[in-house]
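Here is a friendly briefing to read alongside your viewer. It starts with the core and then moves on to strands, a helix and a loop.

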Amino acid sequence: MLRIALLALLAAAAVDAAVPMSNPVLRMRGGGKSFPKLPDSVKPGVVTGKALKELLATAKEHGYAIPAVNCVTSSSVNQVLEAAAKYQSPVMIQFSNGGSQFMAGKSLPNSKEGLEACVLGAVAGAHYVRNVAKAYGVPVVLHSDHCAKKLLPWFDGMLAADEEYYKKNGEPLFSSHMLDLSEEPLKENIETCVKYMERMAKIDCLLEMELGITGGEEDGVNNEHVDNASMYSQPDEIWQVYKALAAIKNSQFTIAAAFGNVHGVYKAGNVVLRPEILGNAQTYIKEQLKCKEDKPVNFVFHGGSGSEKDKIELALKNGVIKMNIDTDIQWAAWDGIRKFEAKNHDYLQGQIGNPEGPEKPNKKFYDPRVWLRASEQSAVERLGEAFADLKSTNQLQ
């Protein structure tokens, strides 16, 4: 633990909500100081604590979800921020375990016991987002993605960085983190989430937990052959999670319940999404709480790439306030490069020599800033489509 904490502190130095809704539902009047449709607490830059809580409550009240995009480089961070500014949408930037390692550099030591490069990359990425997000004039939720049991050293390192940042700034470095213990027994899943939520609540950090298994494969975690029944959460299971986390003082949490979600993109008809499961759970938990709020749970939609629009619509109606859209954006980023190469193929076969002459230089075509920019522009365009599907466009105007 000391080694992890020291690593997190070194990374910080180098680079420099959903909530339990047993409380009365927040009613947002709009007219915020920074954004007319958002509460005063929400300002450009990274949002945490109260601001995050009110941002997510506003999204649910007005029927939209905040798009969450995995980033692996400063370029991929920039394209998400550019899209958020262009389409006037709040956004979530998140780092996966593998993405964090890539951010720091694949050649760095990364032991199973410490996951040092993963911690370093996540913390470095978080500081980069904090340094540039405000300049884009958009609210950003800074998040870490799936953390399975074997990856807990990574989680511990990020949380140590959060706690150190909180001591100096009165807020955590990250807005939120995800624990994905869906492969573990439900009892162990809940108990571990409670342990971490108690620690995170002290620094106003939100916890996203996963219940049930998201199918497919992502970032080295392969669930392509799981039992079909485990891909659909039951209302009582969701209630057990909600009850345990809501009992913690100052807790803020979201639940990634399974309703047939699958990571990646698959042929139409091979994935059976049942977002009505979320609606059934909302009704059940409302009855248990005996509350007026129709949708007491803040749900997260994993494996959103390639989903049918009517399924997304129903998920939003049933309380989804965040959707992950990683795979579609990966393709869009590559497609931008692919099209750039196809268009300029004859100028990319050597440093010298092209259709204009054997001695003509080609630097302006193979300069990374040129083809990376083509990738960014393609991703920005595809992000705009995703924002529209999630109804998050023009929420900052």
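In this predicted model, the largest nonpolar core has 101 residues, and the members touching the most others are I93, V129, W154, F155, L245, I255 and F299. A nonpolar core here is a set of buried Ala, Val, Leu, Ile, Met, Phe, Trp, Tyr and Cys residues joined through side-chain atoms within 4.5 Å. Buried means under 20% relative accessible area, exposed over 50%, and partly exposed in between (1.4 Å probe, protein chains only).

Before you dig in, residues are numbered from 1 along each chain as its sequence is written. Local features need pLDDT of at least 70, side-chain atom pairs count only at pLDDT 80 or more, totals for chains, interfaces and linings use all residues, and side-chain values use heavy atoms, with hydrogens and water left out.

- Helices (H or I, at least four residues) and strands (E, at least two) are DSSP runs, numbered from the N terminus.
- Of the 18 residues of α5, 14 are buried, so the helix is largely enclosed by the rest of the structure.
- From first C-alpha to last, α5 reaches 26 Å, close to the 26 Å expected at 1.5 Å a residue (1.5 Å times one less than the number of residues).
- F299 has contacts (heavy atoms within 4.5 Å) that include I238, I255, A257 and L278, leaving aside neighbours within four places in sequence.

**Strand β6 and its partners**
- Six of the six residues of β6 (residues 206-211) are buried, so this strand is largely enclosed by the rest of the structure.
- L206, E208 and E210 lie on one side of β6, with L207, M209 and L211 on the other.
- Strand β5 (residues 176-179) pairs with β6 in the parallel sense over four bridges; pairing requires that DSSP finds at least two bridges between the strands.
- S176 has L206 as its bridge partner in β6.
- β6 and strand β9 (residues 253-257) run parallel and are joined by five bridges, with L211 opposite A257.

**The loop at N362**
- N362 sits in the loop between β13 (357-361) and α12 (363-366), and N362 is buried at a relative accessible area of 0%.
- Not counting residues up to four places away in sequence, N362 touches Y347, G350, Q351, I352, G353 and N354.
- N362 and G350 are 12 residues apart along the chain, and their C-alpha atoms are separated by 7.3 Å.

**Overall**
- The protein has 13 helices and 13 strands, and buried residues make up 56% of its 397 residues.
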